[in-house]
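Please read the points below with the sequence and the structure open beside you.

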Amino acid sequence: MAKPIRPLSVDLRNKIAAGEVIERPASVVKELVENSIDAGATRIDVVVEVGGEQLIQVTDDGSGINAEDLELAFERYATSKIAVADDLFKINSLGFRGEALASISSVADIEIESCPSTSDTGNSLNIRNGEASPVQPAPAVQGTRITVRNLFSRLPARRKFLKTPRTELRHIVSMIRRFALAHPQIAFRLNADGRELFNLSPEKFPHRIGAVFDPTYRENINKVEFSKGQFTIAGAIGNLNLVRTRPGEQYLFLNGRYINNRLLNSAVYSGYHSLIKRGEYPFFVLNLSLPAREIDVNVHPMKLEVRFKDEWRIYHVLKSAIEESLQDVEQTIPEFEQTAAPIEIVPDKGPVPDRRSDAIPAGNGQVKFPSHSASEDLSPRQQTAGLERAKSYASQLAAGGAAGTDDWLVSEGIFQIHNKYIVAEISSGMVIIDQHVAHERILFEEAQAAFEQHPIGAQTLLFPEVLEFAPDEFSTLLDVVPALEKIGFRLKEFGKNTIMVEAVPAVMGWGNERGVIRDLLDHYTSHRQEHSSYQDAVAASFACHAAIKAGDPLSKEEMQVLVNQLFATKHPYHCPHGRPIIVQLSLKELDKRFER
Ligand code: ADP
Ligand code: MG
C-alpha cells in the first residue's frame, strides 16, 4: 500500500539542512565568522568551551542587524545578501544561502544580541528548543554577538559522532587559522576554556603568517604575485624548510573563501618540480581573485567546493606563478642549523655523510651513532639473547642451506655497500641487512622498553632550544610529552605554545631538535592509526627519525654493534612498519647459480 506524502515540519526541514551544513562545532564557528566578515567586521572574537560542544560565542563589530530583521535572520532561505536569481552569479559575500542561522538554531540553543551602526539601541533574541523568545532590548554596542550552547544536545545520534573536545578544538583552531590567513586586515581572537590561543592584530599578510604559525615561517617564504587581466594570485609559498611529510599546511583561497581543490593544489605542487618528492607537501597560502561570473560557488552546502568556468587555464597560470616565485632556487635550499658541538661524538669515521634532506644532521655535520664497542652497551641479558638468537638464526639458515656449523658471523667478513646495506658472511652463506631499518627496529624496541622500565638516557643540551608551535600542534605535542620524556627528551613548557628542549635522547643526533620534534610529530600524526597504542606510535616515530639513515657510512665496529643489537631484539626480521630487515643468500644457492 502506498504511504501518504506529507510536507515536513519547518523544524524537521531545518534539521535536515543542518545535517549538511553543521557537521561539528567547527562548522558553527565557520558560519558565524563568515557572517561577521560579511558584515564588514574589523575585529572578531571567538570564545569556545569544551571543544565548542558547551559554548561557542562569536562577537563582531560589524554592521549589525535591524530589530525588525532579527527573527527573519533565523528563517531558512532568508538572507540580506542576494535577492534575484542573477545575483547567484555575482556573489561577493561568503554567505548567500540563508540557512546557517536557521540550521544552527535547530540543533542548539542560540542567543543573538545585535546593534546596527545606525541605531542607538541594541536588541536580543533567544531560541531555545526551537522556540523563539520575543525581541528584548540589549546594550547599544555596535555589532553582533551570537552565543551557541548545547550543540546537538537534542540530537544524540549526531553528538555521538563528535570526537574528543581536544580534537574538536583542533578543528576550530584550523578554521580560525584559515580565516586569519585570508583576512589579515581583521583582528581575530580565539579563547578556548579560558586559554587565549590567538590574539591577532590587523596586520600585513606576511606578518600574519608569522603570527598564525610560528615566527620562523616568515623567514622561509617566497612571495607570490601575479596578475593577468582580472585574474590575480597573491600570497606566499614556503621554501624547502617548510616541506612536511603530511598534508595540512596548504591554504588556497578563492576571493577570500577557503576552498578544497585537488587540481589547483596539484598545480602548486607541480610548480615545485623536482624540488619536492612524492609524499612531500610544501607550505602555501594563496589567494586567487577572479571575477564572480567566472565561478560558481553554489555547488556545495558548506561552500568548500567551487566550479570554475575554465579550471585548466587557472591550473597553468597558477603553476607558472609558482615556478616564477621559486626561480631563485638558492632561497629554497634547506638550511640546517650549525651549532658548536658541546659533546664528543663519533671519532674519525671517514667521510662526512652527505646531507640529504632526510638525514638528521648532528651538530658538526656528522651523524651520531652509538660509538661504543661491540658489546659493552648491551646488558648481559641482551648479549646472551643476541647470541642465542644469532645462533638460532644461523641454524635456521643452515637447515635450508649448507649443512654443518653453528658459527654465526664470520667476524672479518662484514662490509657496507653504497653506505646503505651491510653485507655479512655467515657460515651458511651471506646476509644483507638494511642498516636503516635494522637500527629502526633496535630503537623501536628500546623505546618500548623505555615506556615499561628502562628510560633511555638523555644528553643535556648546552644550549637548550626554544621551539614555538601552532596551537593545534602544540596540543598534539602535549599528548605525547610523557612518552617523549621516557625516551630521553627533556621538555619544559615555556609560555604559550612554546617548549624548551633541555635534553635529547642519547642515541640521537642533535643540533636540529626543531626538525626532529616536528618530523616526529608529523610522523606520529600520520601513522598513529597503524599502531595499537599511542606509545607504539611514538616509539615508531622516534625510531624512524633517530635511526641511522641510508647514506651514513659505518665503521666495521659500528656494523658489528648494529648486527649484535639487531639480533638481541624480539623481531629482528621486520621493521616496525613491516619492511624486511634481512635478506639472505645461502652458499647452496650461490653454488647453484655458478653451476658448481
Ligand atoms: P547567509 O549568511 O547565507 O545570508 P545566515 O543564516 O548565515 O545566512 O544569516 C542570515 C542573515 O542574518 C544574513 O543574511 C545577515 O543579514 C544576518 N546576519 C547574520 N549574522 C550577522 C552578523 N554577525 N552581522 C550582521 N548581520 C548578520
Ligand atoms: Mg551566513
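1. The secondary structure of the protein amounts to 15 helices and 23 strands, and it should be kept in mind throughout that this is a predicted model. Of the 596 residues in the protein, 50% count as buried. If one takes the contacts between residues at least 6 apart in sequence, 69% of them join residues that are at least 24 apart.

2. Helix α5, which covers residues 165–182, packs with helix α6, which covers residues 205–212, at an angle of about 160° and with their axes 9 Å apart. Because angles over 145 degrees count as roughly antiparallel, α5 is described as roughly antiparallel to α6. The crossing in which α5 passes α6 is right-handed.

3. Which residues of α5 and α6 meet in this contact? From α5 come R177, A180 and L181, and from α6 come F205, R208, I209 and V212.

4. Which residues of α6 are buried? They are R208, I209, G210 and V212, and R208, I209 and V212 are also listed in the contact with α5. The cover over the buried residues of α6 includes the helix α5 together with the strands β8 (187–192), β9 (195–200), β10, β11 and β14.

5. Some of those strands belong to an open sheet of 5 strands, whose order is β10-β11-β14-β12-β13 and whose pairing is mixed. At its edges lie β10 (221–228) and β13 (257–258), each of which pairs on one side only. Within the sheet, strand β11 (residues 231–238) pairs with strand β14 (residues 284–289) in the antiparallel sense over 6 bridges, and A234 stands opposite N287 in β14. Helix α6 packs on this sheet, where it touches β10, β11 and β14, and the direction of α6 makes about 40° with that of β11.

6. A second open sheet has 3 strands, in the order β20-β22-β21, and here the pairing is antiparallel. Its edge strands are β20 and β21 (490–493), each pairing on one side only. On average, and with direction ignored, neighbouring strands of this sheet are turned by 20° against each other.

7. Looking at the pairing in more detail, β20 and strand β22 (residues 498–505) run in the antiparallel sense and pair over 7 bridges, with E468 standing opposite T498 in β22. Helix α11, made of residues 471–486, packs on the sheet and touches β21 and β22, and the direction of α11 makes about 140° with that of β21.

8. Is V466 buried, partly exposed or exposed? This residue lies in strand β20, which spans residues 458–468. V466 has a relative accessible area of 36%, and it therefore counts as partly exposed, since the middle class runs between the buried limit of 20% and the exposed limit of 50%. V466 also shows how the chain returns to a place in space, in that V466 and I499 are 33 residues apart in sequence but 5.7 Å apart from C-alpha to C-alpha.

9. E445, in helix α10 (residues 435–452), deserves a look as a charged residue that counts as buried, because its relative accessibility is 12% and the limit for buried is under 20%. If residues up to four places away in sequence are not counted, E445 touches T569, K570 and H571.

10. Most residues other than glycine have a negative phi. H418, in the loop between β17 (409–417) and β18 (421–426), has a phi near 50°, which is a positive value in a residue other than glycine. E595, in the segment after α15 (587–593), likewise has a positive phi, near 55°. Where do these residues stand in accessibility, buried or exposed? H418 counts as exposed because its relative accessibility is 69%, and E595 counts as exposed because its relative accessibility is 74%.

Note on methods: Residues numbered from 1 in each chain as written. Chains lettered and ligands numbered in written order. Predicted model: local features only at pLDDT ≥ 70, side-chain atom pairs only at ≥ 80, totals over all residues. Heavy atoms only, no water. Axes fitted to C-alpha atoms, helices over the stretch in contact; angles between N-to-C directions. Helix = DSSP H or I, 4+ residues; strand = E, 2+ residues; numbered from the N terminus. Parallel < 35°, antiparallel > 145°, perpendicular 65-115°, else oblique. Left-handed = near helix turned anticlockwise from the far one by under 90°. Contact = heavy atoms within 4.5 Å. Buried < 20%, exposed > 50% of the residue type's maximum accessible area, 1.4 Å probe, protein only. Pairing = 2+ DSSP bridges.
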